[in-house]
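The sequence and the structure are shown first.

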Amino acid sequence: TGANVNEIKKALIELAPDEMKQNPVLAGDLFGEGDWVVCVVPIDLAAPKGRLILPQVQVIREILDCDAIAVTVKEREIEETLSNMNRKPALVITDSQVVLTVAGDVPEDIPLTTFSTLFARFKGDLPSLVKGAEAIDTLEDGDIVLMGEACSHHDLADDIGRVKIPRWLTQYTGKNLRFETYSGHDFPEDLEKYKLVIHCGACMLNRTEMLRRVTECNRRNVPITNYGVAISKVQGVLERIIEPFHL
């Protein structure tokens, strides 16, 4: 009859888990008004022509919304940029693919994290995704790793999810691993066959959908992490990257 529709909607919202009703924070709690924030954005084959990817755009917009100063550079320019600044930036945020290089160029007393780690918190559950990365150390020959992509795109010569991360993971573990990729809204039902799920930053999913995937993996006792956290883990810089969040 259409009666009491608004009351039904309110009841459904009240039944939702608390973590799905919270207003997530992207980066604004990591710096203050007037602070300098340096964003390191590589321009390579993976960079879309003529624009930045959504996580980079959203972070830069949040810096501006917080009345802070966004300085955007490529990875080759970070050392010179820092040396020319008259005060230390409150934070450096880098693309995960160049995190090892940037970590070497940014002094230890300057907080450093990655866009993907920010999105692990913004779209999901950062502590859970960091804990999931520990499973990388337990992988054995023949284990299957699920690479989850929220968007679908044409394969690139050095694709982050299909080429780079599998290569880095194989080099780090020294094991003969198998990788399966699911793109877009596809997410497998038979999660139990995977020893680890490595998900993208989920910029094309809403927070509820990403939390559902995390919850589903946790319910099946399948460790889940995301691209940036996994990359920082195998590059040996994870502790530094998550330090700003005081986990």
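The model is predicted: local features need pLDDT of at least 70, side-chain atom pairs count only at pLDDT 80 or more, and totals for chains, interfaces and linings use all residues. Residues are numbered from 1 along each chain as its sequence is written, and side-chain values use heavy atoms, with hydrogens and water left out.

**Strands**

Helices (H or I, at least four residues) and strands (E, at least two) are DSSP runs, numbered from the N terminus. Two strands pair if DSSP finds at least two bridges between them. Strand 1 (residues 36-40) pairs in the parallel sense with strand 2 (residues 69-73) over five bridges, and Val 38 has Val 71 as its bridge partner in strand 2. Strand 1 also runs parallel to strand 3 (residues 91-94), to which four bridges join it; here the bridge partner of Cys 39 is Ile 93. Four of the five residues of strand 1 are buried, where buried means under 20% relative accessible area, exposed over 50%, and partly exposed in between (1.4 Å probe, protein chains only).

**Core**

A nonpolar core is a set of buried Ala, Val, Leu, Ile, Met, Phe, Trp, Tyr and Cys residues joined through side-chain atoms within 4.5 Å. The largest such core has 74 residues, and Val 38, Val 92 and Ile 198 have the most contacts inside it. Contact in general means heavy atoms within 4.5 Å. Leaving aside neighbours within four places in sequence, Val 92 is in contact with residues including Val 38, Val 40, Ile 78 and Val 102. In soluble globular proteins, nonpolar side chains tend to be buried together.

Helix 3 (residues 54-65) has 12 residues and reaches 16 Å from its first C-alpha to its last, close to the 16 Å expected at 1.5 Å a residue; the expected span is 1.5 Å times one less than the number of residues. Its buried residues are Pro 55, Gln 56, Val 59, Ile 60 and Ile 63. Seen down the axis of helix 3, these residues fall within an arc of 130°, so they line one face of the helix; the arc is that of the directions from the helix axis to the C-beta atoms. The cover over the buried residues of helix 3 includes strand 1, strand 2, strand 3 and helix 6.

Helix 6 (residues 115-123) holds both Phe 119 and Phe 122, three residues apart, about one turn of the helix. Rings of Phe, Tyr and Trp (its six-membered ring) pair if their centres lie within 6.5 Å; planes under 30 degrees apart count as stacked, over 60 as edge-to-face and the rest as tilted. The count by this rule is one aromatic pair: Phe 119 and Phe 122, edge-to-face at 5.6 Å centre to centre with 75° between the planes.

**Accessibility and backbone**

| Residue | Relative accessible area | Class |
|---|---|---|
| Phe 119 | 2% | buried |
| Phe 122 | 16% | buried |
| Asn 4 | 52% | exposed |
| Ala 202 | 1% | buried |
| Asn 218 | 38% | partly exposed |

Asn 4, in the segment before helix 1 (5-15), has a positive phi near 60°. Ala 202 has a positive phi of about 65° and is found in the loop between strand 7 (196-199) and helix 9 (207-219). Just after helix 3, Asp 67 takes a positive phi of about 60°.
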